[in-house]
Amino acid sequence: MNEMLKELWYGNLRPQEEITRQSPVYRKMAKQNEKDWSAFLKTLTEQQQTQAKALLEDTDEMHAYYAYLAFRFGVQMGQDFLYKPTREMILSGKKPK
């Protein structure tokens, strides 16, 4: 198996991290989001800040896992698209439709 595919399969390669590094639009949006959250957190009590930060961390984790699952599903769809006709041909002895 290709080394990059191994890294991807075992969760060592995260495409969403490449997106954030390579997209100036995303970086700009992320910076603005960080500024907005920072300003909002200053309006909260210490206890509310702690709760809001925990909620943000949970949400970030959830979004990262969703991105991983979406990418993995996309890879699986691509794999089926490329290899399913070949597999069917080999098993049936007939050319795919």
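Hi everyone, this is a short tour of one protein chain, and please keep in mind that the model is predicted.

Let's begin with the overall fold. How many helices and strands does the protein chain have? The secondary structure comes to four helices and zero strands. If you follow the sequence along, the pattern reads α-α-α-α.

Next, the surface. Of the 97 residues in the protein chain, 5% count as buried. Buried here means under 20% relative accessible area. The protein chain exposes about 9,000 Å², and carbon and sulfur atoms supply 60% of that area.

Can you find F81, L82 and Y83 in the structure above? These residues make a nonpolar surface patch of about 400 Å². Y83, one of the three, has its place in helix 4.

Which helices each supply at least two residues of its lining? They are helix 2, covering 15-22, helix 3, covering 24-41, and helix 4, covering 46-92. Helix 4 gives the most, with seven residues.

In total, 16 residues line the largest pocket. Have a look for Y26, A30, N33, D60 and H63, because these lie nearest its centre. And what is the lining made of? Its residues divide into six nonpolar, five polar and five charged.

So, to recap: we have met four helices, a nonpolar patch made by F81, L82 and Y83, and a largest pocket lined by 16 residues.

Notes:
Residues numbered from 1 in each chain as written. Predicted model: local features only at pLDDT ≥ 70, side-chain atom pairs only at ≥ 80, totals over all residues. Heavy atoms only, no water. 1 Å grid on protein atoms, 1.4 Å probe; cavity = no way out; pocket = protein on both sides within 12 Å on 5 of 7 lines; lining within 4 Å. Nonpolar A, V, L, I, M, F, W, Y, C, P; charged D, E, K, R; others polar. Buried < 20%, exposed > 50% of the residue type's maximum accessible area, 1.4 Å probe, protein only. Areas by Shrake-Rupley, 256 points an atom, 1.4 Å probe, with all protein chains shown as cover. Patch = residues over 30% accessible without salt bridge, like charges linked within 9 Å, V, L, I, M, F, W, Y side chains within 5 Å. Salt bridge = Lys/Arg side-chain N within 4 Å of Asp/Glu carboxyl O.
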